[in-house]
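Colleague: I would like to learn how to read a few features from a model. Please take them one at a time.

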Amino acid sequence: MPLHAKESLRKMYSGAKSYCGGLVPSHSFSVSYLSHSLRSSNKASRHAVPFKARSFTQCSSGGSSADQEIVIAMGSNVGDRVSTFDRALQLMKSTCVNITRHACLYETAPAYVTDQPRFLNSAIRGTTRLGPHELLKRLKEIEKDIGRTGGIRYGPRPIDLDILLYGNSKINSETLIVPHERIHERPFVLAPLVDLLGTSTDDGIETSWHSLSKCSGGFFELWNKLGGESMIGTEGIKRVLPIGNCLLDWCERTLVMGVLNLTPDSFSDGGKFQQVEAAISQAKLLISEGADIIDIGAQSTRPFAKRLSPNEELERLVPVLHEITKVPEMEGKLLSVDTFYAEVATEAVKRGVHMINDVSGGQLDPRILRVAAELGVPYVTMHMRGDPSTMQSEQNLQYGDVCKEVASELYTQVREAELSGIPLWRIVLDPGIGFSKKSGHNLEVIMGLESIRREMGKMSIGASHVPLLLGLSRKRFLGEICNRANPVERDVATVAAVTAGILNGANIVRVHNVGYGADAAKVCDALREGRR
């Protein structure tokens with residue numbers, strides 16, 4: 001490899017490492033590894049030619065003979081911005097783009113013309129057979145269908161769809177410039193663009209895209225020059241989760257999810273809240289103690305639990321949902337349903353639930369992925385091998401590197417969810433404490449949450465940034481460590497484990513004793529704030 005190319009690769013590695021907070025190991029982004037990747041990608045793909053972009057000033061507006069990988073930026077600051085994005089995604093899918101990845105969702109301050117509402121920004125990655133100018137024409141038609149009309153430049157708009165990258169092409173015509181000419185100065189474009197890349201370099205088209213950035217360190221370095229991750233959470237740009245009627249900045253503070261089991265056989269509090277009155281009373285208690293989210297489950301997922309049918313689950317769930325949504329204390333709070341059934345998720349959301357918490361990550365009822373996409377609510381995908389009756393089998397407890405394997409298997413679930421139509425900005429990850437793991441594995445995962453994010457980042461920077469939910473409350477491994485056979489006596493141990501989890505990167509903690517959990521979260525947030 002020529003010396004100038006090696007130097008560029010070193011700068012790209014440095015940029016990726018800085019972008020990920022110094023968490024990228026050198027062996028994952030080494031010059032020798034990149035050199036091998038470049039040779040391999042040249043052999044493997046006719047369309048991705050690293051460090052050699054096609055350049056032309058006139059493009060045919062007809063169809064392309066082969067799929068081209070593209071990146072399209074999205075922006076909106078008029079009307080119901082989230083619904084507008086949902087509609088834009090559907091229209092792109094139905095007319096011109098096979099969407100394969102989504103960036104996170106960002107709320108950003110307006111640029112250039114500052115006297116206007118805040119924007120939502122994101123981006124998608126996909127493939128198309130349309131030529132670049134025909135693609136541009138289709139995107140303009142979608143903008144018009146959604147309601148965009150003429151207006152001042154950089155002014156308010158219901159939707160803005162821009163082609164950032166098209167294959168490995170550099171385009172400069174009267175109507176289209178690719179890469180977008182102002183990428184380098186726009187954090188609201190660079191943040192979602194970088195989300196669609198990975199720190200690993202075995203993707204030839206990504207290497208080509210970096211070479212188009214006009215920066216030796218690629219898009220990672222461009223992003224870092226603007227401030228990178230240090231900008232996120234400021235008034236200028238925030239990562240947000242659309243849930244209920246709000247845009248939730250999950251990095252602002254740790255969220256507490258209170259457990260409400262309607263089951264007779266849950267390991268900790270089975271049988272206590274089967275009656276509607278008892279369930280509502282417990283929900284009010286959880287809220288008074290500081291719960292942000294109430295997670296309602298009507299089926300036990302403890303090891304070897306008997307599986308209910310969707311109808312049996314709904315018989316327990318529906319009466320409680322009917323009453324809990326009337327409770328004044330629920331104002332400003334969120335409801336989650338703990339289910340792996342598509343039918344149950346549908347009925348729950350119809351009755352006011354804001355989030356689906358699926359311990360199987362779509363493995364036990366694959367239809368739930370399409371349903372979650374159609375319902376347009378956040379979806380928690382958890383790591384588990386097998387099902388509750390088999391998850392603790394010897395085969396499912398085999399790990400080499402538990403954090404690396406959990407990350408890899410979770411990312412597979414993320415990809416399935418995205419391809420089913422759930423945008424990344426609606427996905428929450430749960431590493432599955434107590435599911436398909438021995439006590440030692442659970443401890444490694446709690447202390448290795450940053451390692452899991454780092455592994456995810458190799459495949460998708462965006463996936464490494466989504467919220468992490470940690471559910472370890474009163475679990476058996478805590479009882480084994482502290483010699484506490486009764487789950488109710490494990491609350492102090494839960495606080496210790498929750499503290500470790502939050503300080504290692506958890507954003508949401510799921511607990512039975514919300515008072516203790518909320519106090520632990522507040523202390524951890526204060527500690528993290530003091531560290532900044």
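Colleague: How many bridges join S11 to strand S12, and do they run parallel or antiparallel?

Modeller: Some ground rules come before the answer. This is a predicted model, in which local features need pLDDT of at least 70 and side-chain atom pairs count only at pLDDT 80 or more, while totals for chains, interfaces and linings use all residues. Residues are numbered from 1 along each chain as its sequence is written, and side-chain values use heavy atoms, with hydrogens and water left out. Strands (E, at least two residues) and helices (H or I, at least four) are DSSP runs numbered from the N terminus, and two strands pair if DSSP finds at least two bridges between them. Here, S11 (residues 255-261) is joined by five bridges to S12 (residues 293-297), and the two run parallel. Asn 261, for instance, has Gly 297 as its bridge partner in S12.

Colleague: Which other strand is joined to S11 by four bridges?

Modeller: That is S18 (residues 508-511), which also runs parallel to S11. Gly 258 has Val 511 as its bridge partner in S18.

Colleague: How many residues of S11 are buried?

Modeller: Buried means under 20% relative accessible area, exposed means over 50%, and partly exposed lies in between (1.4 Å probe, protein chains only). In S11, seven of the seven residues are buried. Leu 255, Met 257, Val 259 and Asn 261 point one way, whereas Val 256, Gly 258 and Leu 260 point the other way.

Colleague: Next, charged pairs. How many salt bridges does the structure hold?

Modeller: Side chains of opposite charge can pair when their charged atoms come close. A salt bridge is counted when a side-chain nitrogen of Lys or Arg is within 4 Å of a carboxyl oxygen of Asp or Glu. The structure holds 32 of these salt bridges. One of them joins the side chains of Arg 125 and Glu 69, at 2.9 Å from N to O. This pair links distant parts of the chain, since Arg 125 is in strand S5 (residues 119-130) and Glu 69 in strand S2 (residues 63-76), 56 residues apart.

Colleague: Is Arg 125 buried or exposed?

Modeller: Arg 125 is buried, at 2% relative accessible area.

Colleague: Which parts does the salt bridge between Glu 343 and Arg 367 tie together?

Modeller: The side chains of these two residues meet at 2.9 Å, N to O. Glu 343 lies in helix H10 (residues 342-350) and Arg 367 in helix H11 (residues 367-375), so the pair ties together parts 24 residues apart in sequence. Glu 343 is partly exposed at 32%, and Arg 367 is partly exposed at 47%.

Colleague: Which residues are linked in a network of salt bridges?

Modeller: Lys 140, Glu 143, Arg 148, Arg 157 and Asp 160 are linked in this way. Glu 143 is buried at 4%, while Arg 148 is partly exposed at 26%.

Colleague: What does His 102 touch?

Modeller: Contact means heavy atoms within 4.5 Å. Not counting residues up to four places away in sequence, His 102 touches Leu 89, Ala 123, Ile 124, Leu 196, Glu 418, Ile 422, Pro 423, Leu 424 and Trp 425. His 102 is found in strand S3 (residues 98-102) and is buried, at 2%.

Colleague: How many disulfides does a search of the whole structure find?

Modeller: A disulfide is a pair of cysteine sulfur atoms within 2.5 Å. The search finds zero. Among the cysteines, Cys 403 is buried at 7% and Cys 524 is buried at 1%.
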